[in-house]
Number of protein chains: 4
Amino acid sequence: MAHIKSHKDALLARVRRISGQVAAIERAITNETTCGEILHQVAGVRGAVGGLMDELLSDHIEQHLARPGLSDAARAEAADELIAAIRRYAK
Amino acid sequence: MAHIKSHKDALLARVRRISGQVAAIERAITNETTCGEILHQVAGVRGAVGGLMDELLSDHIEQHLARPGLSDAARAEAADELIAAIRRYAK
Amino acid sequence: MAHIKSHKDALLARVRRISGQVAAIERAITNETTCGEILHQVAGVRGAVGGLMDELLSDHIEQHLARPGLSDAARAEAADELIAAIRRYAK
Amino acid sequence: MAHIKSHKDALLARVRRISGQVAAIERAITNETTCGEILHQVAGVRGAVGGLMDELLSDHIEQHLARPGLSDAARAEAADELIAAIRRYAK
């Protein structure tokens, strides 16, 4: 997975930010923070997960579908993975 | 656009169903139907538009990215279109 | 449904715009326009339906839940309708 | 926030499951797992966050809007919080 390797640091930084946001929600519920604040934080995590998904989908399209020199079989497999991810993601 | 041509009838049938659903919402508002009923109908249209989008995205991936024999330039253009559509669609 | 009545013209204008967008998609498919263009139009309809849903949900919350003087039973019914619509809408 | 308190354990269990899913994504990227697998895991987190949001929204509607005996001011504030959360959530 060349593109995971080449974007590893950036992807890990995004994922760790999301981990931090989820930990903040755990603290907010533990401390019985206001419902409005918790709703706001959860909507924020959903947005961040969306951003991570956008980046992964774009990389996947560029590296496993559009990149010159891929085999027809590799492209077909990547297409199936992409279609499954989009269907689940847009739900 | 070979795949639009080959799926034309199926795509048009989907779009006309959505047109019918939207016309039903127009009647419901004109007749001051209950808010709950109108909310239900609008959520239904959103689901139907999602289904249409899924079908178009899958066709686009298969026909303009994964299909054997495409030029690198054609794949690159299709990749850009797909990434833009996914970003906008998942918002 | 007082608030449907009071916002009728604005709501109908929104719905008619969506009808126009769906009709444009029908023409684009009939004329075998590019896949990228059709994807763009469908993502646009989804956004417009989202805007309509936001307006309806806000009106429903204000008029059937938060408005002073409502009965407990009326609020309870409106709460059930709202929860069902949100669940379906966010899918 | 009575309802956060009364549902605390269930909410914390959900949030900790999401934390676990995010940690699994971090490991998958660190270990350069396949792109398809990571896409699948991220779509799963998005779904789990959606489930958490649904539960919080429903509790908020029932406890801060529909519950008998609330003041008009309290309902108005809860309505504003809810509308803001729905707008951000459905994006």
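**Contacts between chains B and C**

Between chain C and chain B, eight residue pairs are in polar contact, both residues at pLDDT 80 or more, where a polar contact is a pair of N or O atoms within 3.5 Å, one able to donate a hydrogen and the other to accept it within protein, and residues adjacent in sequence count only if both atoms are side-chain atoms. This is a predicted model, in which local features need pLDDT of at least 70, side-chain atom pairs count only at pLDDT 80 or more, and totals for chains, interfaces and linings use all residues. Residues are numbered from 1 along each chain as its sequence is written, chains are lettered from A in the order in which they are written, and side-chain values use heavy atoms, with hydrogens and water left out.

The count of salt bridges between chain C and chain B is four, a salt bridge being a side-chain nitrogen of Lys or Arg within 4 Å of a carboxyl oxygen of Asp or Glu; one of these joins the side chains of B:Arg16 and C:Glu26, at 2.7 Å from N to O.

The contact (heavy atoms within 4.5 Å) takes 41 residues from chain C and 42 residues from chain B. The area buried between the two chains, that is, the accessible area (1.4 Å probe) lost on putting them together, summed over both, is about 4,000 Å², and carbon and sulfur atoms give 72% of this area.

When superposed by least squares on the C-alpha atoms of residues with pLDDT of at least 70 in both, chain C is brought onto chain B by a rotation of 180 degrees with 0.0 Å of shift along its axis (RMSD 0.0 Å). That is the relation of a two-fold axis.
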